[in-house]
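Please read this briefing alongside the coordinates, and keep the sequence open while working through the topics.

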Amino acid sequence: MLDVAFSKPVPPKAGAVALLLAEEEALSGAGLALNEASGGAISRAIEVAGFKGQKGKTVLLFAPVEGLTRLLVVGLGKRADLTALTVEEAGGGIAAALSQEAQVTVLAEGLAASEAAHLGLGAVLRAYRFDLYRTKEKPEDKPKLTAITVQAEDHAKAKSAFAPLKAVAEGIYLARDLVTEPANVLTPPEMAERCRALTKLGVKVEIMGPKELEKLGFGALLGVSQGSVQEPRMVVMQWNGAGGRKPRKPLVFVGKGVTFDTGGISIKPASGMEDMKWDMAGAGAVVGLMAALAGRKAKADIVGLVGLVENMPSGSAQRPGDVVTSYSGQTIEVLNTDAEGRLVLADVLWYAQEKFDPALMVNLATLTGAIIVALGQEHGGMFSNDEELAQKLTSAGIATGEKLWRMPLGEAYDKAIKSDIADMKNIGGRHGSAIIAAQFIQRFVNNKPWAHLDIAGMAWSSKDAACVPKGATAYGVRLLDRLVRDHYEA
Ligand code: BES
Ligand code: MN
Ligand code: ZN
């Protein structure tokens with residue numbers, strides 16, 4: 001991970017420099033000094049580029065002053081509109097534009113301590129890269145950036161503000177790694193082993209395999225898994241940070257972890273099927289979230305659960321029309337084996353309630369293509385039976401940039417999953433099918449405040465964003481970390 005340091009403002013003598021400039025503000029302090037040392041090159045470049053400090057705009061100069069390699073002037077927008085997210089985006093922009101520099105000094109005198117910390121977070125999040133399987137990349141093509149120093153008046157305070165943000169970034173990196181790993185590597189047993197590594201952060205990790213799941217009666221989850229040679233797993237991760245002698249009713253987070261979704265016998269078309277390696281992104285976010293919370297020692301009692309299966313067609317695979325008995329006792333007619341995520345969640349959610357009597361539950365899942373049709377790649381879909389939880393999640397989304405849009409639930413939609421021979425079927429019609437999927441899940445929610453986040457459109461990004469390089473986004477980690485931080489810590 002990119003190393004982020006904070007120091008008092010001192011004139012930079014070597015390496016690359018990023019200079020922050022708010023809209024309609026003139027060069028001052030270190031920026032002004034550099035401009036003078038450069039014989040006015042900076043102000044001339046700004047002038048020629050028509051740069052006025054607008055948010056997202058930058059101007060790049062090469063070797064403007066002896067000793068310095070590059071200088072990037074970064075627009076912050078209006079000072080009065082500055083938010084944590086804006087400075088993060090500036091940090092992300094710096095990491096991207098100066099990725100060929102080994103060391104970058106950011107002149108951020110004007111920023112408050114917490115803003116300086118968020119700038120560091122933005123740079124770290126943008127500098128993420130998954131390099132495991134590149135063996136032939138030329139050195140000149142590799143990013144060089146390894147360290148950034150943010151100069152701020154209140155650098156000691158900025159450093160302590162950065163520590164918990166770094167823990168969250170570690171969680172995000174972990175989630176991105178898991179989501180990016182191909183499905184031949186990241187099988188359910190392998191993903192469970194990677195969950196086990198959270199033990200070193202103080203998380204209690206329990207892993208259940210097919211024997212335990214059969215004994216419990218996880219008929220819905222096991223039906224999905226039965227066509228694969230990969231064994232299923234359920235992982236229960238507990239973080240008890242509230243510090244009470246008896247754990248309070250925990251917050252529970254549940255993730256869909258389909259390590260590959262071929263659709264099963266209701267097989268998907270070949271084109272784009274490779275995307276289904278990231279059908280475990282809900283689970284990846286839950287694992288990353290647990291790492292973040294434990295890493296920053298959140299003062300709350302949290303349980304994360306993930307259901308891990310591979311959905312394959314084979315001689316032993318579940319057939320359309322099969323009826324399975326879920327852990328809740330409710331029976332399900334499986335009319336489409338590609339509607340498998342809800343089957344996995346059904347059993348894990350019921351278990352979570354039986355075992356932990358949670359204060360609330362949030363599940364994350366790349367559940368439906370329909371939510372992408374509805375919301376595109378701008379908002380995750382939120383379904384909830386609880387106004388207060390929905391409101392808190394919406395706010396956390398706005399604060400972190402991981403936005404949510406609430407979708408409806410209702411009796412009329414629930415009718416769509418009436419089965420002729422079992423308690424319910426796993427698909428309804430094509431219309432409103434993201435909502436119907438949510439209704440299905442709600443049948444496994446037992447009078448608890450609950451939210452279902454359909455993140456199918458958010459888990460993977462096809463283009464770079466300021467703090468999210470293209471690929472796995474780890475959507476959900478920041479969102480739920482923020483939910484916990486804002487409302488549930490002692
Ligand atoms: N994992 C998919 C949903 C998905 C699609 C995620 C595209 C990300 C990108 C899910 O298991 C699925 O196959 N859903 C079906 C449900 C249908 C059979 C009712 C879908 O959305 O088409
Ligand atoms: Mn599917
Ligand atoms: Zn799926």
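What follows is a short account of metal sites, a strand sheet and some individual residues in a predicted model. Two metal ions, the manganese ion (ligand 2) and the zinc ion (ligand 3), are 3.1 Å apart, and aspartate 261 coordinates both. Elsewhere, three strands form an open sheet with mixed pairing, and the structure holds zero disulfides.

**The manganese site**

- The manganese ion (ligand 2) is held at 2.0 to 2.2 Å by Asp261 through OD, by Asp338 through both O and OD, and by Glu340 through OE.
- Along the chain, the donors of the manganese ion (ligand 2) follow the spacing D-x76-D-x1-E, and the pair of aspartate 261 and glutamate 340, which are 79 residues apart, links distant parts of the chain.
- Aspartate 261 belongs to strand β9 (residues 251–261), whereas glutamate 340 sits in the loop between β12 (331–334) and α10 (341–356).
- The angles among the six donor atoms of the manganese ion (ligand 2) run from 70 to 165°, and the site is irregular.
- Aspartate 261 has a relative accessible area of 3% and is therefore buried, the cut-off being under 20%.
- Glutamate 340 likewise counts as buried, with 1% relative accessibility.

**The zinc site**

- Four residues coordinate the zinc ion (ligand 3) at 2.0 to 2.4 Å, namely Lys256 (NZ), Asp261 (OD), Asp279 (OD) and Glu340 (OE).
- The donor residues of the zinc ion (ligand 3) are spaced K-x4-D-x17-D-x60-E in sequence, and here the pair of lysine 256 in strand β9 and aspartate 279 in the loop between β9 and α9, 23 residues apart, links distant parts of the chain.
- The site of the zinc ion (ligand 3) is octahedral, with angles of 79 to 174° among its six donor atoms.
- For six octahedral donors, the ideal angles at a metal are 90 or 180 degrees.
- Lysine 256 is buried, with a relative accessible area of 2%, and aspartate 279 is buried as well, at 1%.

**The sheet of β11, β12 and β16**

- The strand order in this open sheet is β11-β12-β16, with β11 (322–325) and β16 (424–425) as the edge strands, each of which pairs on one side only.
- Strands β11 and β12 run antiparallel and are joined by four bridges; valine 323 has glutamate 333 in β12 as its bridge partner, and valine 324 has isoleucine 332 in β12.
- The hairpin of β11 and β12 has five residues between the strands, and within this hairpin glycine 329 takes a positive phi near 95°.

**Arginine 296 and its surroundings**

- Arginine 296 is placed in the loop between α9 (281–295) and β10 (301–311), and this residue is buried, with a relative accessible area of 17%.
- The side chain of arginine 296 makes a polar contact of 2.7 Å with the side chain of aspartate 481.
- Once neighbours within four places in sequence are left aside, the contacts of arginine 296 are Pro164, Ala167, Val168, Asp481, Val484, Arg485 and Glu489.

**Leucine 60**

- Leucine 60 lies in strand β3 (residues 58–62) and is partly exposed, with a relative accessible area of 36%.
- Apart from neighbours within four places in sequence, leucine 60 is in contact with Arg70, Leu71, Leu72 and Leu98.
- The C-alpha atoms of leucine 60 and alanine 346 are separated by 53 Å, the two residues being 286 residues apart along the chain.

**Cysteines**

- With zero disulfides in the structure, two cysteines can still be described by their accessibility: cysteine 195 counts as buried at 0% relative accessibility, and cysteine 467 is buried with a relative accessible area of 11%.

Methods: Residues are numbered from 1 along each chain as its sequence is written. Chains are lettered from A and ligands numbered from 1 in the order in which they are written. This is a predicted model: local features need pLDDT of at least 70, side-chain atom pairs count only at pLDDT 80 or more; totals for chains, interfaces and linings use all residues. Side-chain values use heavy atoms; hydrogens and water are left out. Donors are N, O and S atoms within 2.8 Å of the metal (3.2 Å for Na, K and Ca); water is not among the atoms, so sites may look incomplete. Four donors count as tetrahedral if all angles lie between 85 and 135 degrees; four count as square planar and six as octahedral if opposite donors are over 155 degrees apart and all others between 65 and 115; anything else is irregular. Helices (H or I, at least four residues) and strands (E, at least two) are DSSP runs, numbered from the N terminus. Buried means under 20% relative accessible area, exposed over 50%, partly exposed in between (1.4 Å probe, protein chains only). A polar contact is a pair of N or O atoms within 3.5 Å; within protein, one must be able to donate a hydrogen and the other to accept it, and residues adjacent in sequence count only if both atoms are side-chain atoms. Contact means heavy atoms within 4.5 Å. Two strands pair if DSSP finds at least two bridges between them. A disulfide is a pair of cysteine sulfur atoms within 2.5 Å.
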